[in-house]
Amino acid sequence: MKIQAHLTFLLACLAASPASAVSTAANETLLVFDHSHLIATISNKGIRGSFSMTHQVLHFSCSFLFKETGRRANSPIVINSFPIQDGSKEDDIPGRVWEKNGEWIIQTDEPQAGCGSAAGTFDKGPDDDHPTRYTILKKMPAIGIRVVLRTTKLNDKDGGTIKERKGLLVAGDVVAALEGDDSYTRIRYVHPATARTTTAWVRTQDLGNPFTETRNMDQSGPVNFDKMDPRELPTTVPMSPEQREHLTLITQTMREVIENKRPLQESDPVFGEGRYFWPKKPGAPIKTALWFGVENFGFRSISVDFHRKTPKSTWESATLSVHPRNFPIGVYSMGLPKTFFADLVSTGSFPEKREHEPVTNVNVFEFALQRNANIKFRFEARPDVSSVSEKYPRSFHALTISASHDKTEAVFNRIGIQN
């Protein structure tokens, strides 16, 4: 009876206890510059930033947000800038960011409203006279950049206790969200006129993400991503059921070729018109690498490579690259069901770091065909659309299928950026 009484008491206590707040992961890195009016974050989604400055004497004001939309080696980072409030796509202005040795130069094609003044100018690149340079002073973990949606009071937090303090933020203020949960978020705010930095806790519901995927999109119906400017594509592009069906056909046909269950022609009914690649080494056998480009498939961007040792041997590896036109900033969110991998056996899943490749953080998923363990599968996916703990990818941007009976290893190549 005593045990029953104790259990009853414990259950009552648990029922009376409030649910724990769900913490928000700090997956971005906040950059603090010598010009404190500029803030930016970096993550696997690219650069996100804000500039906000008001001249105390002349009353000029310059403020805007910007995000990365493209990146290539040895070239400036392509950005799109837009107003913090009440803007439309007509107000979006493209630009570039040069980063070198911890310094940034930001240039926009045209000035945002109020930015061609003493409050801030962004019309000069590195080849112009005296461009404004922004030096990174320190980095810290952050949730991301947020915009205040409504007047919100500043608070201190001691353990689980929130205590209101003097001060408030108003709608349109831009802050860096450092940590928090679904109730309160710790923010870092730089006043646009005085440059004074304030750190405090505010209600999470009073903050909005200005870089959400639905920004400026027509919500009256499905978004046609095929007709959208690549610079405006979101970081994760939903794959339609029709595209998923087409992808399934391509992967199934690749498997049949590598299993030697069907022939592969230079002009193929599934893959379209292919092109053989001439070997780089003189004297090496020709017609050992066959490529089918993006123009062959039902949606962009897909390409498929097949490889073999000699022109008369069977095809021993096939590589599929599938991604939207803003890759590597964007990847497909395929929503693959577990049944997509029904006849595969997982042999391992793990993260990889690749500093000199378009996608620097990759989750790798390896499988073998259940009925033939010599047929290997290797999927690569970005961490924001896959989880290693799930053992199979819900989405991917690269797949290699290889026949390993002769110890041949799959080689990833020609995974390029298609515009």
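A salt bridge is a side-chain nitrogen of Lys or Arg within 4 Å of a carboxyl oxygen of Asp or Glu. The structure is a predicted model, in which local features need pLDDT of at least 70 and side-chain atom pairs count only at pLDDT 80 or more, while totals for chains, interfaces and linings use all residues. Residues are numbered from 1 along each chain as its sequence is written, and side-chain values use heavy atoms, with hydrogens and water left out.

**Exercise 1.** Determine which parts of the chain the salt bridge between Glu380 and Arg354 ties together.

*Solution.* The side chains of these residues, Glu380 and Arg354, meet at 2.8 Å, N to O. Glu380 belongs to strand β25 (residues 372-381), whereas Arg354 is in the loop between β23 (344-353) and β24 (361-369), so the pair links parts 26 residues apart in sequence. Strands here are DSSP runs (E, at least two residues), numbered from the N terminus.

**Exercise 2.** Classify Glu380, Arg354 and Glu366 by relative accessible area.

*Solution.* Buried means under 20%, exposed over 50%, and partly exposed in between (1.4 Å probe, protein chains only). Glu380, at 3%, is buried. Arg354, at 13%, is also buried. Glu366, at 25%, is partly exposed.

How values were computed
Helix = DSSP H or I, 4+ residues; strand = E, 2+ residues; numbered from the N terminus.
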